[in-house]
Amino acid sequence: MMNVEKKIKIDAASIVLIVLAVSGYALIFYPVWIGLIKLWLSSEEYSHGFFIVPIALFIAWQKKSTLSSLPVRGSWVGLLIVVAALFLFIVGHLAYILTLKPLSMILFIAGSIYFLFGFQVIKELLFPIFMLLFMIPVPSQIYSAATINLQLFVSAVSADVSSFLGVALYREGNVIHLPERTLQVVRACSGMRSLVSLFALSAFFGYFTLRSNFLRSMLFLSSLPIAVIVNIARVTLLICFIHYLGIDLTHGTLHTLVGLGVFALALAILFLLRELLKKWDTLSIND
């Protein structure tokens with residue numbers, strides 16, 4: 001541990017270290033940022049990535065008064081974290097693992113803050129650093145496995161609900177056969193597209209509106225069942241419209257509007273749950 005303890009201020013030595021850290025960061029991770037931006041531009045699943053950095057910076061800015069009053073006790077542990085981040089970057093580069101390089105970039109930021117300012121500062125900034133994780137892609141193997149399982153689950157439940165509503169159908173995996181036509185529950189209807197965005201939003205709103213970490217965790221984890229439920233409603237709606245009204249909502253402008261409506265429904269459920277948890281949070285504090 002460094003023995004120097006002081007309030008946060010910028011002296012000559014700090015400036016040199018900060019310049020070195022920022023320069024090294026820019027030199028090493030500039031290509032990673034370019035790759036992330038291209039991904040956000042080309043992928044609907046990760047288009048929310050453009051909002052993550054501003055949100056993280058906003059959260060950090062909200063803490064400026066607290067940060068300015070914290071003592072600085074720089075730690076060599078932070079330098080070890082930086083070295084570990086660079087090792088991850090090399091592994092990700094050599095093994096062509098897309099997720100490892102941006103992950104190492106976030107770890108580099110955390111390690112640099114820990115090294116320069118110490119544990120209390122990095123602890124205060126842990127949540128905005130955590131938010132940065134939502135801008136990086138989920139490992140393809142995990143994403144594919146989760147998508148397939150969600151596709152099958154959404155297909156099965158949607159088929160059961162539609163049958164209960166009187167629709168004659170036959171399901172094979174994620175393919176649903178109707179008398180009118182055959183539908184396939186594709187990746188977009190699995191819930192994975194909205195899930196990452198809902199996780200990010202629930203973390204953000206939970207952090208600012210709830211005091212209990214337990215209730216924040218409940219709101220965060222609720223994103224999964226919410227995403228699944230609204231996509232079951234979406235597929236069931238598509239089936240019923242085709243069977244009873246002869247209207248095909250599986251493509252074109254109507255399909256886009258249904259998708260937007262489904263995400264709006266997910267947000268509405270998330271906000272409703274947040275309000276319920278907020279009341280619970282208030283009651284627990286008063287007690």
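Helix H12 gives the most to a nonpolar surface patch, with three residues. This is a predicted model, in which local features need pLDDT of at least 70 and side-chain atom pairs count only at pLDDT 80 or more, while totals for chains, interfaces and linings use all residues. Residues are numbered from 1 along each chain as its sequence is written, and side-chain values use heavy atoms, leaving out hydrogens and water.

Let's stay with the patch for a moment. Its members include Val 161, Phe 164, Tyr 244 and Leu 257, and together the patch has about 910 Å² of accessible area. At least two residues come from each of H8, H11 and H12. Patch residues have over 30% relative accessible area and no salt bridge, with nonpolar side chains joined within 5 Å; a salt bridge puts a Lys or Arg side-chain nitrogen within 4 Å of an Asp or Glu carboxyl oxygen. Areas come from the Shrake-Rupley method with a 1.4 Å probe. Val 161 belongs to helix H8.

Helix H8 also leads us to the sheet, as it lies across E3 and E4, at about 170° to E3. Contact here means heavy atoms within 4.5 Å, and angles run from 0 to 180 degrees between N-to-C directions.

The open sheet has three strands in the order E3-E4-E5, paired antiparallel. E3 and E5 stand at the edges with a single partner strand each, so one side of each lacks a neighbour in the sheet. Strands pair if DSSP finds at least two bridges; helices are DSSP runs of at least four residues (H or I), strands of at least two (E).

| Element | Residues |
|---|---|
| Strand E3 | 170-172 |
| Strand E4 | 175-177 |
| Strand E5 | 182-184 |

Note on methods. Patches are made of residues with over 30% relative accessible area and no salt bridge: like charges are joined within 9 Å, nonpolar side chains (Val, Leu, Ile, Met, Phe, Trp, Tyr) within 5 Å.
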